[in-house]
Amino acid sequence: MIPGNRMLMVILLCQVLLGGTNHASLIPETGRKKVAELQGQQAGSGRRSAQSHELLRGFETTLLQMFGLRRRPQPSKSAVIPSYMLDLYRLQSGEEEESLQEISLQYPERSTSRANTVRSFHHEEHLETVPGPSEAPWIRFVFNLSSVPENEVISSAELRLYREQVEEPSAAWERGFHRINIYEVMKPLSERAQAITRLLDTRLVHHNVTRWETFDVSPAVIRWTKDKQPNHGLVIEVTHLHHAQTHQGKHVRISRSLPQGRGDWAQLRPLLVTFGHDGRGHALTRRARRSPKHQRSRKNKKNCRRHALYVDFSDVGWNDWIVAPPGYQAFYCHGDCPFPLADHLNSTNHAIVQTLVNSVNSSIPKACCVPTELSAISMLYLDEYDKVVLKNYQEMVVEGCGCR
């Protein structure tokens, strides 16, 4: 993976080549004069401009490879960002406590402990209903998981179903419980044979609560992705505890038409969520709220230290597919490593020796001011297939600088 400081340099170069007018958030003060010079040179030469656009495409390709994308996402107007993924991002990134109080879901510590990528999928609606073993149909969902990369290993998966409180319970519902069963379709129904299914998860729920229910469907998703077995989808069955018949009741949102007159199907439809790892970097861990680091005041501000650098994704034209964050404080390292190296410059023994030799032999370069500590950020974005992805990217924020 490309180190974070190299990625930041590429973004800076992209901004220079774009020749935009708003550089305040992306380019440090010391570099703006150079940017203006480069822009003036480009304005006087169409040939150089064409070369710059070609270089820009190359830089963008490099960045997309770093993000694990084969091409730049072009989200459609119908793309939906599930509320669950937004809430999961907010919990994962450790946003302000005030906003976290609005989130009622529990952070999936067990699932994220082995994953650095979370993906969400909606089902293919044209493959929804298939006959089941009773007169009333079951509801089948087929999720297209072809966008999961080959190098990403799925460790767990969950199916999320939204159910609503039964407002007018009949005498049959007064006892208040129904059961939701989730099956994997091992073999679909054919003219010659019945469908073969296996039970994945089941839940006994009370009718007077409105909430999301989560079911473990890991065995099926792992079979489809890791073991390359045919994906015939999942089946949902809702039954009343004291009745033999199967219900597609209005209390469980497993159909677009239920309940009638509601326009919130896009957010309340069933959602398949996968947790996987691509072998790069650390797994997702819920971060505590970050407090800004205060550097000690130094007598010579020209010495090696961390400087502010805010990367705004709208400046590089990526705000249409990056959902969150809109940008982030990346920082960068700059400054002198003078002889003798002071303790606060966070130097290695080798850097001290190199600086000592430089003081008597100028042909040997000084130690360089570089990042010594880097941290990760979480990004929520739409991929090339309009699927929403939450991913942990390492080495994106400079936490400390030193002479090396």
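**Burial, cores and salt bridges in the predicted chain**

D320 is partly exposed, with a relative accessible area of 39%; residues are termed buried under 20% relative accessible area, exposed over 50%, and partly exposed in between (1.4 Å probe, protein chains only). The model is predicted, so that local features need pLDDT of at least 70 and side-chain atom pairs count only at pLDDT 80 or more, whereas totals for chains, interfaces and linings use all residues. Residues are numbered from 1 along each chain as its sequence is written, and side-chain values use heavy atoms, with hydrogens and water left out.

The chain contains nine helices and 17 strands, these being DSSP runs numbered from the N terminus (helices: H or I, at least four residues; strands: E, at least two). Of its 404 residues, 48% count as buried. Among contacts (heavy atoms within 4.5 Å) between residues at least 6 apart in sequence, 71% join residues at least 24 apart.

The largest nonpolar core comprises 32 residues, of which F67, W318, W321, Y328, M379, Y381 and M396 touch the most other members. Such a core is a set of buried Ala, Val, Leu, Ile, Met, Phe, Trp, Tyr and Cys residues joined through side-chain atoms within 4.5 Å. Helix 3 (46–66), strand 16 (369–382) and strand 17 (388–403) each supply at least two residues of this core, and strand 17 gives the most, with seven. A second, separate core of 25 residues includes A157, L159, A220 and I254.

Helix 7 (residues 218–225) is mostly covered, with six of its eight residues buried: S218, A220, V221, R223, W224 and T225. Among the elements that cover these buried residues are strand 4 (153–163), strand 8 (234–240) and strand 10 (271–277).

In total, 13 salt bridges are counted, each requiring a side-chain nitrogen of Lys or Arg within 4 Å of a carboxyl oxygen of Asp or Glu. In the pair R72 and D320, the closest N and O atoms are 3.1 Å apart. R72 lies in the loop between helix 3 and helix 4 (83–93) and D320 in the loop between strand 12 (310–312) and strand 13 (322–324), so the pair ties together parts 248 residues apart in sequence.

D383 forms a salt bridge with R119, with the closest N and O atoms 3.9 Å apart. This pair links D383, in the loop between strand 16 and strand 17, to R119 in strand 1 (residues 117–121), 264 residues apart. D383 is buried at 2% relative accessible area, and R119 is likewise buried at 6%. By contrast, E150 and K228, which meet in a salt bridge (3.2 Å, N to O), are both exposed. Finally, R163, D201, R203, R211 and E213 are linked in a network of salt bridges.
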